[in-house]
Amino acid sequence: MTGASVVAGQQASTVGPGRLILVVGPSGAGKDTLLGLAKAACADDRDVVFPRRLITRQASASEDNEEVSAEAFQRAVAAGDYAMHWEAHGHRYALSRAINDEIRAGRTVIANVSRTVIAAARRKYANAVVVSITAPPDVLAARLAARARSSDGLLAQRLARTVDESTSTPDFTIVNSGTADYHARQLVRIIKGERWDE
């Protein structure tokens, strides 16, 4: 297995009419915190879906993920069970192909993904929206140090990681340096298709 990301089932027709909102950003930016608050704010909206990611590492209290073994992950890849999958920080991540049914039903699906899947996702999904959540470098470093999750690997490596931005230009950027509630409200406005930068 190479480090390449995969968006499965690419074909001439794109998946729609619903939206796929891809949340990206560096480690420590607060993506899972804002997603958790946004999920709570959208709990009564049946047209907004927050799928669980599948990850080949131990589940964390700060994330709504499903832990899978490396062997089970590989079997699911071979069976075509994932809409997309990627590698990051020594672990493998995926989203179930069930998100395609949600999008075909006109719903909005929101997920935390790697920037490496953006280009393929934009080709595959009719309405892919990219939201970058970031923070100043000193804030990222402090958050990662406070988290101290052993499966995260070396702090310096995570902070130094770069991605080719030319294929992953976001549609929206949230600089998460204020209160989590404020920035979560920005994210909810983006999810709802409302003015978000006020």
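A residue is called buried when its relative accessible area is under 20%, exposed when it is over 50%, and partly exposed in between, using a 1.4 Å probe and protein chains only. Helices (H or I, at least four residues) and strands (E, at least two) are DSSP runs, numbered from the N terminus. The model is predicted: local features need pLDDT of at least 70, side-chain atom pairs count only at pLDDT 80 or more, and totals for chains, interfaces and linings use all residues. Residues are numbered from 1 along each chain as its sequence is written, and side-chain values use heavy atoms, with hydrogens and water left out.

Start with helix 1, which covers residues 31–41 and has Lys 31, Leu 34, Leu 35 and Ala 38 as its buried residues. Seen down the helix axis, these buried residues fall within an arc of 100°, so they line one face of helix 1. The arc is that of the directions from the helix axis to the C-beta atoms. An α-helix has 3.6 residues a turn, so residues three or four places apart point the same way. The buried residues of helix 1 pack against strand 2 (19–24), strand 8 (108–112), strand 9 (128–134), strand 10 (172–175) and helix 7 (180–192).

In strand 8 sits Ile 110. Ile 110 counts as buried because its relative accessibility is 2%. Contact means heavy atoms within 4.5 Å. Leaving aside neighbours within four places in sequence, the contacts of Ile 110 include Leu 35, Val 48, Phe 50 and Ile 191. Val 129 is 19 residues away from Ile 110 along the chain, and the C-alpha atoms of the two are separated by 9.4 Å.

Next come the nonpolar cores. A nonpolar core is a set of buried Ala, Val, Leu, Ile, Met, Phe, Trp, Tyr and Cys residues joined through side-chain atoms within 4.5 Å. The largest one has 25 residues, of which Leu 20, Met 84, Trp 86, Val 113 and Tyr 125 touch the most other members. Its largest share, four residues, comes from strand 6. Leu 20 is in contact with Met 84, Ile 99 and Tyr 125, among others, when its neighbours within four places in sequence are left aside. A second, separate core has 21 residues, including Ala 29, Cys 42, Val 129 and Val 188.

How many aromatic pairs does the structure hold? There are two. Rings of Phe, Tyr and Trp (its six-membered ring) pair if their centres lie within 6.5 Å; planes under 30 degrees apart count as stacked, over 60 as edge-to-face and the rest as tilted. Phe 73 and Tyr 82 form a tilted pair, 4.9 Å centre to centre with 45° between the planes. Trp 86 and Tyr 93 form a stacked pair, 5.8 Å centre to centre with 5° between the planes. Phe 73 and Tyr 82 are both buried, and Trp 86 and Tyr 93 are buried as well.

Polar contacts are the last topic. A polar contact is a pair of N or O atoms within 3.5 Å; within protein, one must be able to donate a hydrogen and the other to accept it, and residues adjacent in sequence count only if both atoms are side-chain atoms. Arg 53 lies in strand 4 and is buried, with a relative accessible area of 7%. Its side chain makes a polar contact with the side chain of Asn 65 at 3.4 Å, and the side chain of Arg 53 also reaches the backbone oxygen of Asn 112 at 3.2 Å.
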